[in-house]
Amino acid sequence: MKRLGKRKRSWAPATALWMVILCLSGVVAVALSFPSSQKRDDGPVVYVSPDGNDRWSGTRSSPNRSRTDGPFRTLSRALDEWRKVKAVQKKRPFTIVLRPGTYYLKEPLVIRPEDSGTEFGPLIIRAAKAGTAVLSGGVSINKWTKRGNLWTAQGPSLSSLPGPIRILRVGDRWATPARYPNEDPNDPIKKGWLFAQWWGAPWERGVFNSGVGNIHHKGDRLEWTIRVPASGTYRVWVRYSHHMSTYNVPDMGGRTSLRVGDGPKVPLNNLPDTGGWGSFRWVLSATLPLSAGDQVLIWENDAGGGLNLDAFCLTDDENWNPEQAIRLIGWWGQYECDPVAPGKHLILIQAEACDRAIGKEVSVERGALPGNPERITLKPADLPKWKDWKGAQVHIFPAWGWVNAIVDVKGVDPDRHTLLVQCEQDIRPGNRFYIANVPEALDAPGEWFWDPQTGNITYWADEPDFPQITTVAAILDRLIHLKGNPQKGQWVEHIYIQGLTFRDTTYTAPGGYYDPADAAIWMTGARHCIVSDCTFEGLGGYAVRLDERSEHNKIIGNRMKALGQGGVVLMGNTATQPKHNLIAANEMSDLGQIYKHVAGVYVISGSGNRIAHNRIERVPRYGISLKSLDPNFYSHNNIVEYNELIDTNLETNDTGAIETLGRDQQDSGNVIRWNFIRNVVGLGTTYDGSFLSPYFTWGIYLDDYSSGTLVYGNVVIGTVLGAVCIHGGRNNVIENNIFVGGLERQFTFQPRDEFMVGNIIRKNIFYYDKKQTILFYSWAQTWGRHRLKECDRNIFWCTEGNLEELSDRVTPEGNLTAWREAGFDQNSLVADPLFIAPKQNDFRLRPESPAYRLGFEPIPFEKIGPKGFVNEEKERKKK
């Protein structure tokens, strides 16, 4: 059974102080959401109730005794009544009140431009009492028969449902789709997985441009065990590099050899200088007789002199040439290889795949392994012996583990213990996955299966009182759609949705790996609309989606929990993106139950938005993300402030709690200030299927040329590679922040090219425990002092040792003394910042803190999180 609740925390304890300061007992008051003019005239009110009747007047909150009048039964009928009233008056509010109960929608409620309200006459859709009126996108299932451990629901009503059915709710929990291996409810993040295996032959295990180096001594030797498909004479192509002409050896031909086992050596000829030790090329170097079967191939340096070996190709096809036949199609090592002629053979050998490397300085570089997007190879014992794989799907974290994907199984090769799929990213050894949607995998309590042929749903109940428990199959992918047409100047305006509960929506699969965007409420071409005090739970997608120039909307004071994707998503291109929206005081938790490349607030494209005072916790990737993919899809001038982000990046890596992308290479004007970030975890896997966690995270990640960003007054606690990473961007200002406890580094520079200049780091506090960690890290090959315009007036404090006395390389220039000699941190201090109680995670400064002498501005902790928004609104109204 998939519990829609808290994930198990990975590391770092909860902060009692923050639970006291930021905990809210209620929701944002209605007065914060609606113009005060409504208090003067509430306007007409109609009611909707599950026991209502659409032929009644709707003016009564409950049926009369004779049941001749009372509330409407459906929202659509109430909306029709609004249209009638609006035709004769437009300046008074109209309120639709939903009585307690669950409303199973047969189709989404679509609100069009002609249904719009006005500033003084909005359309209000609200619950009679917050949290008591539930809009469900599912179908209740209540006719079950039992056989053994399994309950089955069947009949014409199920077979006619629009499929596929991807989510089954039993009570308040999602049942687990029949899967293999079974889910471990005690640790669903790290247990219950299979791991992709190397998909090629053992001697192919490697990647181009990453081989064996430092083989320059006579007697250095490499050995591979290979399988020769047919006896014959094979042409030997060698991919190598060297620059031995600087040592008066312009050609390494004849100085090395290949042999099979104890057979005679075959000299490798025609190995001229390639112009550099990293400049690999293919040459035809020899012919080698081979016998079919397993053979040991031995390369040896016979005369000394150095070279680097990348790969060999052995082929009996005289017309096959690797220079034309092999094409590298990704910087991560993926390649395409044209086949040899029919009846001919090819053996591709990666140098680093050697079984033995003999030599006192030989260096075997085993880097990232290339994957294959079309196959998943399992260990032989792990491949299930199912009779029927029809409809099977694989849920997998492909490639680097940044995203997850749901892909169909298109075939099974039992001889090679391989699943045939089509994935948008390559599938590499160590990628974790499970197989679902197969009837034979239904073998544990809490699991279920939907048969697309019959429509039957089968469930292994672990509840003693099943089937009295409410069971719902999610059908709709959205519940309310504010559907304008801004291209024609037609907007949906002044629709206020308050106090409703949304649940039981499905999701798209296969879906977008990087930007899934299903949602309960769609705001398309919407202006001046408000969603407040609502609860979103058990949804297959996001809570709210804004697109098509939606602007000046407010998403405030809502609770979003246990969602299949994220909280709020904004999307479009530069011309159609959402702008000037407020997303504030929302509480979001346990997001990404289905898709993982999501965020509490995900601005795929949007500008001028304010994301403030939200509490976001337990997410698989970002807390908040602002993307600029290119000039046609940018996110500029957004303000991200006073948010509390806890336990982010629980299931992915190479990420941050707050992340921006700047591929448009423009100054963004984005502001990230006064946020509290704690416990940025990160998770990856090794090639052998071991987990890495904590792993590869920053607190604030200015990714891919992010530029012109102000990072001010944030508190970042508990990262892996530092509080901030500047990845190639320029003109960023990092000022007045508190950075605590990076495990390996405190700050990261990743200069990609000469674009990265003009960055400022000043008046920050760096506080950490381990003296072996790096203070400022940079890629060595691209570091230059011109990357920073200013780095000064900072406070540095390592509790384990005095930084000024450490000789270790803690900066790109060396130790702290060398860093200062390079012109940085001339006025900075190595001093205890004097936090009130750092061991209790109370990072307020004492009055005598040395940071104040450097101009540090106190952090307004009391304003962070939802409670801060309530106080902010109270102050605004006083003014």
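**Note on the predicted model**

1. In β35, Ile-457 is the bridge partner of Ala-153, and this pair belongs to the antiparallel pairing of strand β9 (residues 150-153) with strand β35 (residues 457-460), which extends over four bridges. The model is a predicted one, and the points below should be read with that in mind.

2. Strands β9 and β35 sit within an open sheet of five strands, ordered β8-β9-β35-β34-β12, in which the pairing is mixed. The edges are taken by β8 (145-147) and β12 (176-177), and because each has a single partner strand, one side of each is left without a neighbour in the sheet. Strands of a sheet pair through backbone hydrogen bonds, either parallel or antiparallel.

3. Strand β17 (residues 232-241) is mostly covered, with seven of its 10 residues buried. With strand β20 (residues 281-290) it pairs in the antiparallel sense over nine bridges, and within that pairing Val-238 stands opposite Val-283 in β20. Strand β22 (residues 308-315) also runs antiparallel to β17, to which it is joined by seven bridges; here Arg-239 has Ala-311 in β22 as its bridge partner.

4. The largest nonpolar core comprises 112 residues, and Phe-502 and Phe-536 are those with the most contacts inside it. Helix α2 (residues 75-86) supplies the largest share of this core, namely five residues.

5. Helix α6 (residues 866-878) has 13 residues and reaches 19 Å from its first C-alpha to its last, a span close to the 18 Å expected at 1.5 Å a residue. Its buried residues are Pro-866, Gly-868, Phe-869 and Glu-873, and seen down the axis of α6 they fall within an arc of 145°, so they line one face of the helix. An α-helix has 3.6 residues a turn, so residues three or four places apart point the same way. The buried residues of α6 pack against β46 (554-556), β49 (582-584), β50 (587-589), β52 and β53 (615-617).

6. Is Ser-607 buried or exposed? Its relative accessibility is 7%, so Ser-607 counts as buried, the cut-off for that class being under 20%. The side chains of Ser-607 and Gln-577 are joined by a polar contact of 2.5 Å. Leaving aside neighbours within four places in sequence, Ser-607 is in contact with Gln-577, Pro-578, Lys-579 and His-580, as well as with Tyr-634, Ser-635, His-636 and Asn-638.

7. Pro-380 is likewise a loop residue, placed between β28 (375-377) and β29 (393-396), but it is exposed, because its relative accessible area is 58%, where exposed requires over 50%. Pro-380 and Arg-416 are 36 residues apart in sequence, and their C-alpha atoms are 7.9 Å apart in space.

How values were computed: Residues are numbered from 1 along each chain as its sequence is written. This is a predicted model: local features need pLDDT of at least 70, side-chain atom pairs count only at pLDDT 80 or more; totals for chains, interfaces and linings use all residues. Side-chain values use heavy atoms; hydrogens and water are left out. Buried means under 20% relative accessible area, exposed over 50%, partly exposed in between (1.4 Å probe, protein chains only). A polar contact is a pair of N or O atoms within 3.5 Å; within protein, one must be able to donate a hydrogen and the other to accept it, and residues adjacent in sequence count only if both atoms are side-chain atoms. Contact means heavy atoms within 4.5 Å. Helices (H or I, at least four residues) and strands (E, at least two) are DSSP runs, numbered from the N terminus. The expected span of a helix is 1.5 Å times one less than its number of residues. The arc is that of the directions from the helix axis to the C-beta atoms. A nonpolar core is a set of buried Ala, Val, Leu, Ile, Met, Phe, Trp, Tyr and Cys residues joined through side-chain atoms within 4.5 Å. Two strands pair if DSSP finds at least two bridges between them.
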